[in-house]
Amino acid sequence: MNPLIILAQTAPAAPSIADSVRDIGQQFGFAWPLFLSNCISFLIVCFLLQKFAYKPVVDMLEQRREKIAQSLENADRIKAELADAQKKRDEILTAANAEATRMIEEARASAAVIAERKTQQAIAEAEQIVAKAHEATRIEHDRMLTELKREVGHLVIETTTKVTGKVLTADDQRRINEETASQIAA
């Protein structure tokens with residue numbers, strides 16, 4: 001006979017898988033009704049957690065994610081606006097500096113023109129004062145010459161009176177005055 005067949009006949013019959021599972025279940029205290037009730041309880045707890053705990057938490061997390069994304073977009077937009085405002089500020093400052101420089105140059109030019117005008121005016125006034133002084137000096141000179149002529153005429157008359165020894169009449173005085181005046185004027 002075949003040695004394998006002999007071995008198979010002498011060996012105890014191998015238990016089936018179902019028998020093995022049943023034996024293990026009995027050793028660990030497995031019971032189908034209890035297992036099914038636990039599965040149903042687990043499914044109910046999963047459903048309740050899904051509906052009342054997991055879904056609200058997920059919704060809240062999604063809302064937070066949206067708020068964070070919106071905040072990041074706002075931050076980017078604010079950064080862009082800030083950069084734009086900074087650029088505009090720089091442009092305005094550059095324009096203001098250019099305008100200030102132009103105004104300063106205009107003020108300097110105006111000041112130079114006004115200073116030149118005032119200088120010319122002062123020179124003109126000084127020339128007028130000098131001209132008036134010359135005129136006043138000439139008038140004073142002429143007045144003094146006139147007085148000197150009159151005095152000389154009186155002195156001539158007095159001297160003539162003393163020399164001739166008589167009092168001159170008004171006609172004599174007039175004639176002598178005229179002669180003396182014509183001699184002095186010439």
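Visitor: Let's start with the cysteines. How many disulfides are there?
Guide: The count comes to 0 disulfides. Keep in mind that this is a predicted model.

Visitor: OK, stepping back. How many helices and strands does the protein have?
Guide: There are 4 helices and 0 strands. Going along the sequence, the pattern reads α-α-α-α. Helix 3 covers residues 32–164, and helix 4 covers residues 170–185.

Visitor: What share of the residues is buried?
Guide: Buried residues are 3% of the 186 in the protein.

Visitor: Which residues make up a nonpolar patch on the surface?
Guide: Ile40, Ile44, Phe47, Leu48 and Phe52 form one, and together they have about 540 Å² of accessible area.

Visitor: Take Phe47 from that group. Where does it lie, and is it buried or exposed?
Guide: Phe47 lies in helix 3. It counts as exposed, because its relative accessibility is 52% and the cut-off for exposed is over 50%.

Visitor: Switching to aromatics. How many aromatic pairs turn up in the whole structure?
Guide: The search finds 1. The partners are Trp32 and Phe35, and their arrangement is edge-to-face, with 5.7 Å centre to centre and 90 degrees between the planes.

Visitor: Why are Trp32 and Phe35 separated by about one helical turn?
Guide: Because they are 3 residues apart in helix 3.

Visitor: Now charges. How many salt bridges does a search of the whole structure find?
Guide: It finds 12. As background, side chains of opposite charge can pair when their charged atoms come close.

Visitor: Show me some. What does Glu135 meet in a salt bridge?
Guide: Glu135 meets Arg138, at 2.3 Å from N to O. Both lie in helix 3, 3 residues apart, which is about one turn of the helix.

Visitor: Which other residue does Arg138 form a salt bridge with?
Guide: Asp142, where the closest N and O atoms are 3.0 Å apart. Arg138 and Asp142 are 4 residues apart in helix 3, so about one helical turn separates them.

Visitor: What about Glu147, which residue does it pair with?
Guide: Glu147 forms a salt bridge with Arg143, and the closest N and O atoms are 2.4 Å apart. Glu147 is partly exposed at 38% relative accessibility, and Arg143 is also partly exposed, at 38%. The two residues lie in helix 3, 4 residues apart, about one turn of the helix.

Visitor: Last topic, helix 4. Is Thr180 buried or exposed?
Guide: Thr180 is found in helix 4. It counts as buried because its relative accessibility is 11%, and buried means under 20%.

Visitor: What is Thr180 in contact with, leaving aside its neighbours within four places in sequence?
Guide: Val152, Gly153 and Val156.

Visitor: How far apart are Thr180 and Val156?
Guide: In sequence they are 24 residues apart, and in space they are 8.1 Å apart, C-alpha to C-alpha.

Visitor: Great, that's what I was after. Thanks!

Key. Residues are numbered from 1 along each chain as its sequence is written. This is a predicted model: local features need pLDDT of at least 70, side-chain atom pairs count only at pLDDT 80 or more; totals for chains, interfaces and linings use all residues. Side-chain values use heavy atoms; hydrogens and water are left out. Rings of Phe, Tyr and Trp (its six-membered ring) pair if their centres lie within 6.5 Å; planes under 30 degrees apart count as stacked, over 60 as edge-to-face and the rest as tilted. Patches are made of residues with over 30% relative accessible area and no salt bridge: like charges are joined within 9 Å, nonpolar side chains (Val, Leu, Ile, Met, Phe, Trp, Tyr) within 5 Å. Accessible areas come from the Shrake-Rupley method with a 1.4 Å probe; for residues, only the protein chains shown count as cover. A salt bridge is a side-chain nitrogen of Lys or Arg within 4 Å of a carboxyl oxygen of Asp or Glu. Buried means under 20% relative accessible area, exposed over 50%, partly exposed in between (1.4 Å probe, protein chains only). A disulfide is a pair of cysteine sulfur atoms within 2.5 Å. Contact means heavy atoms within 4.5 Å.
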